[in-house]
Structures are given as C-alpha cells and as structure tokens.
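Here's a friendly walk through one structure, going residue by residue. Have a look at it first, then read on.

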Amino acid sequence: MVNLLENAYEISIAVLLLCSLFYVRQLKKTKKERGLSSFERVMYVVTQTGIIVWLGSFLILNYGVNA
C-alpha cells in the first residue's frame with residue numbers, strides 16, 4: 001500500500017512539472033505576442049522559480065552529499 005502511494009506521489013509530481021513547463025512555454029509565447037499582465041508576470045516568475053527549486057532539491061536529495 002505504501003509503495004502504491006509513493007508511486008502515485010511521484011507520478012503527480014511528474015504531471016505537475018510537465019504542466020508547469022507547458023505553462024511557462026505558453027507564457028513565453030504570450031509575452032512575445034502582446035506582453036504579460038501583472039498577474040501573468042508574477043505567475044511566470046513563480047513557476048520558473050518553482051521549477052528551479054524543485055530541480056535543485058531533486059538533485060541534492062538524489063545525488064547530494066549524505067550527511
């Protein structure tokens with residue numbers, strides 16, 4: 001049961017990351033076409049920051065120094 005929940009958790013993270021990447025791509029396209037509103041600009045920065053923080057924490061947790 002725990003293994004099933006861990007797999008569901010990892011799949012949900014993968015789906016959220018994929019959606020975030022597509023959202024950033026859409027915002028970049030919108031930025032080129034008409035510019036971003038203040039809300040879209042905030043979402044663009046927050047989404048990019050979230051992806052970078054997730055990637056950093058993933059790399060540290062999986063390949064970092066064991067303390």
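Let's begin with Thr47, which sits in helix 2; helices here are DSSP runs of H or I with at least four residues, strands are E runs of at least two, and both are numbered from the N terminus. Before going further, note that this is a predicted model, where local features need pLDDT of at least 70, side-chain atom pairs count only at pLDDT 80 or more, and totals for chains, interfaces and linings use all residues. Residues are numbered from 1 along each chain as its sequence is written, and side-chain values use heavy atoms, with hydrogens and water left out.

Is Thr47 buried or exposed? Thr47 counts as buried because its relative accessibility is 11% (buried means under 20% relative accessible area, exposed over 50%, and partly exposed in between, with a 1.4 Å probe and protein chains only). Its side chain reaches the backbone oxygen of Met43 at 2.6 Å. Leaving aside residues up to four places away in sequence, Thr47 touches Ser20, Tyr23 and Val24, where contact means heavy atoms within 4.5 Å.

Met43 lies in helix 2 too. With the same cut-off on sequence neighbours, Met43 touches Tyr23 and Leu27. Met43 and Leu27 are 16 residues apart in sequence, and their C-alpha atoms are 8.8 Å apart in space.

Leu27 has contacts of its own: Leu36, Glu40, Met43 and Tyr44, again not counting residues up to four places away in sequence. Leu27 also belongs to the largest nonpolar core, together with Val24, Leu36, Tyr44 and Ile51. Such a core is a set of buried Ala, Val, Leu, Ile, Met, Phe, Trp, Tyr and Cys residues joined through side-chain atoms within 4.5 Å. Helix 1 and helix 2 are the elements that give two or more residues to this core.

Glu40 is another residue of helix 2. Apart from residues up to four places away in sequence, Glu40 touches Leu27, Thr30, Arg34 and Gly35. Arg34 is in the loop between helix 1 and helix 2. The side chains of Glu40 and Arg34 are joined by a polar contact of 2.9 Å (a pair of N or O atoms within 3.5 Å; within protein, one must be able to donate a hydrogen and the other to accept it, and residues adjacent in sequence count only if both atoms are side-chain atoms).

| Residue | Relative accessibility | Class |
|---|---|---|
| Met43 | 27% | partly exposed |
| Glu40 | 16% | buried |
| Arg34 | 56% | exposed |

Now for the open space. The largest pocket has a volume of about 170 Å³. On a 1 Å grid over the protein atoms alone, a pocket is an open set of points where a 1.4 Å probe fits, with protein on both sides within 12 Å along at least five of seven lines, and lining residues have an atom within 4 Å of a point. The lining of the largest pocket is made of Tyr9, Glu10, Ile13, Trp54, Ser57, Phe58, Leu61 and Asn62. Helix 1 (2-33) and helix 2 (38-63) each supply at least two of the lining residues, and helix 2 gives the most, with five.

How values were computed. Grid points are joined across faces, edges and corners, and a volume is the space filled by probe spheres set on the points.
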